[in-house]
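Please read the following explanation alongside the sequence and the coordinates, following each residue as it is named.

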Amino acid sequence: VLHLVLFYENRLQDHHLVIPSVLQGLRALSMCEVLSPGLAVSVLKAIFQEVHVQSLMQLDRHTVYSIITNFMGTREEELKGLGADFTFGFIQVMDGEKDPRNLLVAFQIVHDLITKNYALGPFVEELFEVTSCYFPIDFTPPPNDPHGIQREDLILSLRAVLASTPQFAEFLLPLLIEKMDSDLQSAKLDSLQTLTACCAIYRQKELQEFLPSLWSSLRREVFQTASEKVEAECLAALHGLSACLSRSVLSSDTEDLLDSFLGSILQDCRHHLCEPDMKLVWPSAKLLQAAAGASLRAYHHVTRSVLPLLLEQYTKHPQSSQRRTILEMLLGFLELQQKWGHVEEDESTLLSLQASICSVVFSALTDPSVQLQLVGIRALIVLGSLQGFLSPSDLELVVDHLIRLALHEEDSQSSEAAMEAAGSLAPIYPKVFSGRMVPRLEEELQSEREEESSRDHCSLQQRCLQALAAVSIHTSIVRETVPVLLQHLRKVQKGSKARNAQDVVSVCQSLHRVALQCQQDAEGCWYYHQTVVPCLLAMAVQAATQESTHPLLGKALLEEEVLAAMVPVISAATTHLSPELAAQSVSHVVPLFLDGEVSFLPQNSFPCSFQPFEDGECLEAQRRLVILLMAFVCSLPRNVAIPQQERLLRELLALSCSCNCPFTATTAAKCFAGLVNKHPAGQQLDEILQLAVNRMEPGLAEGPRRTQALTLLLWVTKALVLRYHPLSSRLTDKLLGLLGDVELGPAAADGFSLLMAESPDVLHKDCHADVRIMFRQRFFTDNVPKLVQGFHGAGPDVKANYLKGLSHVLNHLPKPVLVTELPTLLSLLLEALSCSDRVVQLSTLSCLQPLLLEAPQIMSLHVDTLVTKFLSLASSPTMAVRIAALRCAHALTSLPTTVLLPYKARVIRALAKPLDDKKRLVRKEAVAARGEW
């Protein structure tokens, strides 16, 4: 190795044509692990002396940088023995480098020189000059650049060098100040970001002499810039400067630079805060907040001066808009205090101003201006989150204000914001909210106000229910609110049918929200489940058994919309249970439906036995409750065993095929499908599925219950398609066959939407269904060719069914997949636009709109047809179709201009008509589309 090295070193003195090959050899040697000590130094000395690197080609210069990098990685101590000569040698090698590929490597070498403490000696300024000459970088990569070097890579690499050592400060800071004044936005941004990076490693002494110039540049940019990016970077740099000065350790004789720096900021910005209508008020507030947010010391210094001023200005300016500006600035400073959490007794300006701050915020909450109220509510949340800031009496006032805003404020924005605020503060102060707010809301719910109009009373009850749900974040509050909600539910379900159905739905929506908020907390989730689920089941069973004995009462609880509103409540209460608790619960619920085992229900004295799976006219009401069984068993975790599962599946299958009520039949089919989807593979599952097929086939062939059989087929197919079960293709073929049926064809076509869409209550991931990834793509690949083939072979009366099925499948397919298949399917989609079926038109339009944006080249080939179809559908009798057609006409403008110009005048003329449409939403789309054209 020694002889090779000496041989190659001597060759460096040969003719310049030999040098590239010599360097390749040296690079190979630089990777050799057995080089004896001293050889690395000797190779580098030879290169520094004999080779004029910048006269070489790019690749050869890159080779030199590689040799240096290799030696720095393996022979660090030897190279450090060279002292500053190594640094000087490298400066000569790099000086004048222009190629971005080489610069990336060179910048890395400089960074390593500095961070690994190589001796820079007297060459600090030279090293700075040789790198800073590239700042700010204005490299634009050539088109189709194979090396993939981006401007951002060079910027970050150079910034890492410039901000790697405080030794560069005296040269770098003047350069940054100069570039901040540049007219180029990119240069400004780069300078500001570099300054922020430097602040992380500089100390007070590096910054001292440049602070006035830095501050005046930053202030000027923030006061004058129109660019949000520049403003954000200026604020970040000011924050960095303030943080850097805060870190410095003070000795008794040095000046506290932080105090004087913040003093100059306050002097230049403070007086602008007194003019809430003027342009500079927000820039000044942002500058002060950026400086104050850097450290607790800076925060105290700024707030000592600013907070009393803002509170004084609030009382001086009576106008709501001015008060809102002042309160928003105050809120900005309060939010900064959140970074440090607790309020310290001795130092804090906040505590001395506590009474004034609270009175300002409370006055904002009672102001007639909604915008001011909203800022006041945000301020309440911040004050509440500062530990130890609000006294017990203030907290009670806060709760009273929130109750007043949530229930009695006319504007819905304030009401909703107050409920959200209650939700944010309730977990911090659970005792105050459960002791003061919940009883007040309960009182409002129970009060029967005769004198008020029923509509006002109704909306007040709505708000009470929403507020109860909003505060139910903490388990201790949930234990208070859930009984109140259930008590109210018992009360409302007893009255007359129509009004009460809506009331019951409202309570269920609140219960559902509480359930979602409890899910992450195991204790709260189990309390909620064992309190709410038995109670809902008991009320429903009570209503159904009464209906069986007294058929004419008309119970609100048996309405379809009410039962549908109970489903998400039971489902959300079940999905997050641990397997042990879920097994405990399922051992009660399933026997209730199969054997009428009511002993676990509260108030379980019912007028007759509960037998939802028995035959009989009078049991119709009981059969409707299968939807609650579905909500429960289809939300259980997959590893929970369901008792008597085979019997349950057979009963559900029989009910779905034999029941005359479409609501019950559909529910039974969904429940059956949900269980089949999670059933472990094996002989039992195959037997159940065979039984289902044997029930469906005759039902589909003829008879009065063909629709029920189709519903069952659709849901079972969906359950199997989701889990890639082999039987799914046989069932899908059966469904494709039904598209040619005159009676069932349209419903079968709509069924393709059901197969592809997310189902809200069963068969989705949240309720632990077995959903394989990319099932839609697989369904598309397997079945779309069959749909196309069926369309071409179908009679004219059923062609629309195939188009409808196809447009449903395409509509739910991920767009990237659709774009690749577009050329083969576009002609069919265009034909679907001529179909008279509104659903097909709507589905196809919503499918085409994104394709116009994502595949303009393919769509351009059919522009003539597209323009004609969209314009004719823009005057369709159906509002939704008109809107979709206008959106597509709007999307056409993303095609190449040369393609569109021949149609411009015609489209603008045609779009004048929908501008006068009687529906506002149609007019809105027409204005947007016509404007683009």
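**Aromatic pairs and other local features**

Phe48, Phe86 and Tyr118 are linked into a cluster by ring pairs. The model is a predicted one, and in it the count of aromatic pairs comes to 10. One of them is formed by phenylalanine 48 and phenylalanine 86, whose rings are tilted, with 6.3 Å from centre to centre and 35° between the planes. This pair links distant parts of the chain, since phenylalanine 48 belongs to helix H3 (residues 39-50) and phenylalanine 86 to helix H6 (residues 84-94), 38 residues apart. Phenylalanine 48 counts as buried because its relative accessibility is 17%, and phenylalanine 86 is buried as well, with a relative accessible area of 1%.

Tyrosine 65 and phenylalanine 90 form another aromatic pair, this one edge-to-face, with 6.4 Å between the ring centres and 65° between the planes. Here too the pair links distant parts of the chain, 25 residues apart, with tyrosine 65 in helix H4 (residues 58-74) and phenylalanine 90 in helix H6. Both tyrosine 65 and phenylalanine 90 are buried.

Rings also take part in arrangements with charged side chains. The charged end of arginine 778 sits over the ring of tyrosine 724, at 4.0 Å from the ring centre, while the charged end of lysine 799 sits over the ring of phenylalanine 791, at 4.4 Å from its centre.

Phenylalanine 135 and proline 136 are joined by a cis peptide bond, with omega at about -10°, and proline 136 is found in the loop between helix H8 (124-132) and helix H9 (151-162). Asparagine 117, which lies in the loop between helix H7 (100-115) and H8, has a phi near 60°, a positive value in a residue other than glycine. What is the relative accessible area of asparagine 117? The value for asparagine 117 is 63%, and the residue is therefore exposed. Methionine 774 likewise has a positive phi, of about 60°, although it is not a glycine, and it lies in the loop between helix H38 (745-756) and helix H39 (775-793). Methionine 774 counts as exposed because its relative accessibility is 52%.

Serine 320 is placed in helix H18 (residues 320-338), and with a relative accessibility of 26% it counts as partly exposed. Which residues does serine 320 contact, once its neighbours within four places in sequence are left aside? Serine 320 is then in contact with Asp367, Ser369 and Leu372. The C-alpha atoms of serine 320 and valine 370 are separated by 9.4 Å, although these residues are 50 residues apart along the chain.

Serine 807 is buried, because its relative accessible area is 1%. When neighbours within four places in sequence are left aside, serine 807 is in contact with Val840, Ser843 and Thr844.

Which residues of H45 are buried? In H45 the buried residues are Val881, Arg882, Ile883, Ala884, Ala885, Leu886, Cys888, Ala889 and Ala891. An α-helix has 3.6 residues a turn, so residues three or four places apart point the same way. The buried residues of H45 pack against helix H42 (838-854), helix H44 (863-873) and helix H48 (920-932).

Helix H48 is also the place of alanine 928. Alanine 928 counts as partly exposed, because its relative accessibility is 33%. From C-alpha to C-alpha, alanine 928 and aspartate 770 are 43 Å apart in space, and they are 158 residues apart in sequence.

Notes
Residues are numbered from 1 along each chain as its sequence is written. This is a predicted model: local features need pLDDT of at least 70, side-chain atom pairs count only at pLDDT 80 or more; totals for chains, interfaces and linings use all residues. Side-chain values use heavy atoms; hydrogens and water are left out. Buried means under 20% relative accessible area, exposed over 50%, partly exposed in between (1.4 Å probe, protein chains only). Helices (H or I, at least four residues) and strands (E, at least two) are DSSP runs, numbered from the N terminus. Contact means heavy atoms within 4.5 Å. Rings of Phe, Tyr and Trp (its six-membered ring) pair if their centres lie within 6.5 Å; planes under 30 degrees apart count as stacked, over 60 as edge-to-face and the rest as tilted. A charge sits over a ring if NZ of Lys or CZ of Arg is within 6 Å of the ring centre and within 35 degrees of the ring normal.
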